[in-house]
Amino acid sequence: MDDLFSTLESRGYVYQCTNLERLKGLLNGGGRLTFYLGIDPTADSLHIGHFCALTMFRYLQDAGHRGILLIGGATAMVGDPTGKSDMRNMLTKEQVRSNYLEVKSLAERFVRTDGDNPAIVVNNADWTDGFSYVEFLRMVGVHFNVNVMLAADVYANRIKEGGLTFLEMGYMLMQAYDFVHLNKEYGCVLQIAGSDQWGNLVAGTSLYRKMRFAEGAERAEGPAGIDGADEVYGLTCPLLLTKDGVKMGKTESGTLWVARDRTTAYDFHQYFYNVGDAEVPILLRFFTRIPVPEIEAMCSGDIIGAKKVMAERITALVHGEEETAKVLSAVRSLFGGEEDGRDAPESDYMVGAGTISVVDLFVLSGFVPSRSELRRLVAQGGVAVDGRRCASPDEMVARPEGGGSVLLKKGKKSFLKVRFG
């Protein structure tokens, strides 16, 4: 990829950069550089907010640069206060270990971890756990000015909205040191992240300079062939927002997740198919390799057709071709004049009782997030079982003869088959 930076820029990935002109030269022909992306396993899945940085990771990897995927087993124990009005729930070590394995598996759908130019996967607990509290503060904390930290948006907002704990203030120090460690161990000179991480990213580049100065080094020992290895760089991509400035990925039932047991492939596809027309060219640039001029022509000529392509490609990227084919079959059945729902997505929840109430059936199958939401939908006339509208959430649904499944419907477009054991 001769002009990698222009490719990233034209597709909308470039939002902020610590040294734009110098990084352009490094990405486009200054040799093979090493970069990293950090993800904290604070949940057992990835969500839409991780998509942009992961796909940017793949562009750099495909261009021949060496990528490091840092899954933050240590930083997840603290929790990033960025964008939060209250302190995150604290996780146990066992939860973090379990989440780590899930996040690693899901991230491998986006980046290569084997074959040609595989990404290196690391866990910052492997080096952070080796420090004592006092040792880390003397080595890293001495380079952070509290007044400067409190002026940063991430901390200033927390103080205004919900108070700030000393634990959370330590997060920036830990993430900043990750960059320094990866530079020493792997010659890493670039961190990529979403734009909400700009403050943490700049802290990492600043810590690198301060620690190098404290060590009396005039020039860092970077990887061979990289000019300007005395500096490290930060590059952010924008957050996915709707035209109204709202974060994309929020649905009736919560966050749009990558894992199928959290968000079904069908719901995932339907979310993207139902986004506003203005978001379609943005999503096509981010999540497909369709040339930008072709995207512009598609969207100006047939926005509905472009939206179908976009939803299909993104679903295939995340859930694979096989699951996407099932989703498209269900869509054709449900919205193509065949309203029997025989190809609707199925719930893994097995109902074993002879009868079950409508509210229990919809909630326990995961089709609606809560009993109150189901009652609201029933009151609006938006709930049906096997084509029969439900007048009460307490109606009982009988087990089909010999087992089988029932077809649930909410609203006008959402269907789910629930199998009876």
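Two strands are taken to pair if DSSP finds at least two bridges between them. Helices (H or I, at least four residues) and strands (E, at least two) are DSSP runs, numbered from the N terminus. The structure is a predicted model, in which local features need pLDDT of at least 70 and side-chain atom pairs count only at pLDDT 80 or more, while totals for chains, interfaces and linings use all residues. Residues are numbered from 1 along each chain as its sequence is written, and side-chain values use heavy atoms, with hydrogens and water left out.

Strand β3 (residues 66–71) runs parallel to strand β4 (residues 120–122), to which three bridges join it. In this pairing, isoleucine 68 stands opposite isoleucine 120 of β4. Strand β3 is also parallel to strand β2 (residues 34–39), and six bridges connect β2 with β3; here threonine 34 has arginine 66 in β3 as its bridge partner. Five of the six residues of β3 are buried, that is, under 20% relative accessible area (1.4 Å probe, protein chains only).

A second contact involves two helices. The axes of α8 (residues 153–161) and α9 (residues 166–186) come within 11 Å and cross at roughly 170°, the axes being lines fitted to C-alpha atoms over the stretch in contact, with angles from 0 to 180 degrees between N-to-C directions. The two helices, α8 and α9, are therefore roughly antiparallel, a term applied to angles over 145 degrees. Val154, Tyr155 and Arg158 of α8 meet Glu168, Met169, Tyr171 and Met172 of α9, where contact means heavy atoms within 4.5 Å.

Notes:
Angles under 35 degrees count as roughly parallel, over 145 as roughly antiparallel, 65 to 115 as roughly perpendicular and the rest as oblique. Buried means under 20% relative accessible area, exposed over 50%, partly exposed in between (1.4 Å probe, protein chains only).
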